[in-house]
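Let's read a structure together, one feature at a time. Have a look at the model first.

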Amino acid sequence: MRKILVVGAGQAGLQLALGLQSRGYEVTVMSQRTPDEIRHGRVTSTQVMFDRALQHERDAGLHCWEDKAPVIEGLGVSVAAADPATGTAPDFPARAVDWLGSLRGFAQSVDQRVKMAGWMELFAARGGQLVIHGAAVSDLDFFAGRYDLVLVAAGKGELVSMFARDGARSPYDRPQRALSVAYVHGLLPRTDAPDVEAVRCNLVPGVGELFVIPCLTVSGRCDILFWEGLPGGPLDVFQGVNDPGEHLSLVLELMERHVPWEYARAVRVELTDGQSTLAGRYAPTVRHPVGWLPGGGAALGVADVVVANDPVTGQGSNSASKCAACYLEAIVERGDLPFDEAWMRRTFDRYWAQARHVTRWTNTMLAPPPAHVRTLLGAGMRHQPVADRIANGFDDPADFEDFFYEPEAAERYLASVAGGAAPE
Ligand SMILES: Cc1cc2nc3c(=O)[nH]c(=O)nc-3n(C[C@H](O)[C@H](O)[C@H](O)COP(=O)(O)OP(=O)(O)OC[C@H]3O[C@@H](n4cnc5c(N)ncnc54)[C@H](O)[C@@H]3O)c2cc1C
């Protein structure tokens, strides 16, 4: 059977490795860390995944935590009222927009520490070869001749240097948000919809965004408080904060000042564990899919290696799942033919047909929203179908092409929803 090397034990690498394994391929996974190191290590993401991405896991029988993780049925958007003169929300703002959309299929967030450790153990228990080693380019050069295909699924780590940046598809050359994450127990439900588990997206004009995400972590159910701050702005204060307690205090202080309606829920929270905070930033980048090794071998980049979007739209794990499913199909279809450069490029193009929608939407959301997007968001308060459609766009970002980017398309859509009446 054909031999495949997967470098990186994340959402994409493990989903792909387990999928190939179940089809009889001889798969080796290289991981920097053991399952226990991952399980007891630092949180890595907020990893909320929507229906289509979860379906790939269900199709592969990998939905191991579905009955334990919170079932997220809604996605809400709140926008803090901005000062018309500056376009920036003042301290202690009111809400100009506030709605809750219904997801057609539920979403879930399973702490990657839980999921990746579990999937690695499953892969090994099924006879897969797990090599604990942080691979360098020289290792891949050595292994390239021994495998039919080398897949680099190592996230945003150093191996991305093998893959050239695609400038035409990467409008930003520096981080657009400073990220800060805290996993907490004890968050109270929103009083406006206490019985609905929902992702809450809070947009604070000129400042950043706070996402609140129900999640399953190592110690059970929790909520994640995830700030995305404009670089240099009031939320960009987490660099160098190493004490988790201090990190949480800062998260809460910023919530009280910028999203007081969410702070009201957080008065009694505590961190889930000593590794439950994270801070960082990275530049959203699309790369060319084929990486060349010094000895002339080629490797195919997977998921974040080739398309790393900012997490402002919560898409990276979703995209990793979709990329893994797409590559799996292409590998199986290839049969015994060589995995040559042309096949690698075609395989990536198949994935890019989906990923381009995510990249376009995400990069749009990083910029200040134009008037028609503000109108669309506001319309969600008066028209439930608008709220629902935007919420379900997180599951299928291609849908935004039809109504979100062009003022005329947005106007047409709103007019149709309002039964022909001009939108307010
Ligand atoms: C703060 C934050 C919040 C996020 N929130 C969401 C969200 O809500 N929803 C969502 O869908 N996405 C979210 N994302 C994005 C998502 O986490 C990633 O896009 C997704 O995990 C990418 O999966 P991947 O398999 O490509 O890479 P990764 O998950 O990064 O996995 C790569 C693996 O490879 C390993 N590795 C790296 N280098 C080497 C090496 N040289 N040798 C061996 N192993 C190596 C790494 O240790 C890691 O285990 C978020 C990201 C961040 C940073």
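**Two helices in contact**

A: Leu376, Ala379 and Gly380 in helix 10 meet Val386, Ala387 and Ile390 in helix 11. Contact here means C-beta atoms, placed from the backbone, within 7 Å, and helices are DSSP runs (H or I, at least four residues; strands are E, at least two), numbered from the N terminus. By class, that contact has five nonpolar residues, one polar and no charged; Ala, Val, Leu, Ile, Met, Phe, Trp, Tyr, Cys and Pro count as nonpolar, Asp, Glu, Lys and Arg as charged, and the others, Gly among them, as polar. Bear in mind that this is a predicted model, where local features need pLDDT of at least 70, side-chain atom pairs count only at pLDDT 80 or more, and totals for chains, interfaces and linings use all residues. Residues are numbered from 1 along each chain as its sequence is written.

Q: At what angle do helix 10 and helix 11 pack, and how far apart are their axes?

A: Two packed helices are described by the angle between their axes and the distance between the axes. Here, helix 10 (371-382) and helix 11 (384-393) pack at about 125°, with axes 6 Å apart. Axes are lines fitted to C-alpha atoms over the stretch in contact, and angles run from 0 to 180 degrees between N-to-C directions. The pair is therefore oblique (under 35 degrees is roughly parallel, over 145 roughly antiparallel, 65 to 115 roughly perpendicular, the rest oblique).

Q: Which element gives the most to the shell around the ligand?

A: Helix 8 does, with four residues. The shell as a whole has 16 nonpolar, 17 polar and one charged residues.
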